[in-house]
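I opened this model to go through its charges, strands and core. My entries follow the order in which I looked things up.

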Amino acid sequence: FWQSRPTDGSEPAFRPTKFECRLFEVLTPGDLLRFTVTVDKIGGKSAGFAIAVDCDKTRAAEFEIVWTAVHPETAEPVALPEGLRDWLYQYLP
């Protein structure tokens, strides 16, 4: 997802600051899985993503990941650039 975003060279780095997983089904090696990623929320300094994992027609798991924008050298949280925020809005459900 992050590799497909437009950059202008002055963008912050991103660090995962929250990872939550809910498992509903036991998965086994060889199961074919479908991952659906959506932007769940856009904050001033972070973006949250919801990931659904389906096996056949059954929801096997759900993940929530929050990525926080940080200064590349100091790792201090920084505001999301306006252009990036605008790009993320197209992925809100």
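I started with Lys 18, which forms a salt bridge with Glu 20. The closest N and O atoms of Lys 18 and Glu 20 are 4.0 Å apart. I count a salt bridge when a side-chain nitrogen of Lys or Arg lies within 4 Å of a carboxyl oxygen of Asp or Glu. This is a predicted model, so I read local features only at pLDDT of at least 70 and side-chain atom pairs only at pLDDT 80 or more, while totals for chains, interfaces and linings use all residues. Residues are numbered from 1 along each chain as its sequence is written, and side-chain values use heavy atoms, with hydrogens and water left out.

I checked accessibility next. My classes are buried (under 20% relative accessible area), exposed (over 50%) and partly exposed (in between), with a 1.4 Å probe and protein chains only. Lys 18 is partly exposed at 35%. Glu 20 is partly exposed at 32%.

I then looked at Asp 40 and Lys 41. They form a salt bridge, with the closest N and O atoms 4.0 Å apart. Asp 40 has a relative accessible area of 40% and is partly exposed. Lys 41 is partly exposed too, at 41%.

Arg 59 and Asp 54 came next. Their closest N and O atoms are 2.6 Å apart in a salt bridge. Arg 59 is partly exposed at 35%, whereas Asp 54 is buried at 15%.

How many salt bridges does the whole structure hold? My search found eight. I also found a network of salt bridges that links Lys 18, Glu 20, Arg 22, Asp 40, Lys 41, Asp 54, Arg 59, Glu 62 and Glu 64.

I moved on to the strands. Helices (H or I, at least four residues) and strands (E, at least two) are DSSP runs, numbered from the N terminus. Two strands pair if DSSP finds at least two bridges between them. E2 and E3 run antiparallel and are joined by nine bridges. In that pairing, Thr 38 has Ala 50 of E3 as its bridge partner. E2 and E3 form a hairpin with three residues between them.

E3 also pairs with E4, in the antiparallel sense, over ten bridges. Ala 52 stands opposite Glu 62 in E4. Is E3 enclosed or open? Eight of its ten residues are buried, so E3 is largely enclosed by the rest of the structure.

The E3 and E4 hairpin has two residues between its strands. Asp 56 has a positive phi of about 60° although it is not a glycine. At 71% relative accessibility, Asp 56 is exposed.

Ala 75 lies in the loop between E4 and helix H1 (82-89). Ala 75 is partly exposed at 44%.

I went back into E4 for Thr 68. Thr 68 is buried, with a relative accessible area of 12%. Its side chain makes a polar contact of 2.8 Å with that of Thr 17. A polar contact is a pair of N or O atoms within 3.5 Å; within protein, one must be able to donate a hydrogen and the other to accept it, and residues adjacent in sequence count only if both atoms are side-chain atoms. Leaving aside neighbours within four places in sequence, Thr 68 is in contact (heavy atoms within 4.5 Å) with residues including Phe 14, Lys 45 and Pro 77.

I turned to H1. Which residues of H1 are buried? Leu 84, Trp 87 and Leu 88 are. The face turned away carries exposed Glu 82 and Gly 83. The cover over the buried residues of H1 includes E1 (13-23), E2 (33-42) and E3.

A nonpolar core is a set of buried Ala, Val, Leu, Ile, Met, Phe, Trp, Tyr and Cys residues joined through side-chain atoms within 4.5 Å. The largest has ten residues, among them Phe 14, Phe 49 and Trp 87. H1 gives the largest share of this core, three residues. A second, separate core of five residues includes Val 53, Ala 61, Phe 63 and Ile 65.
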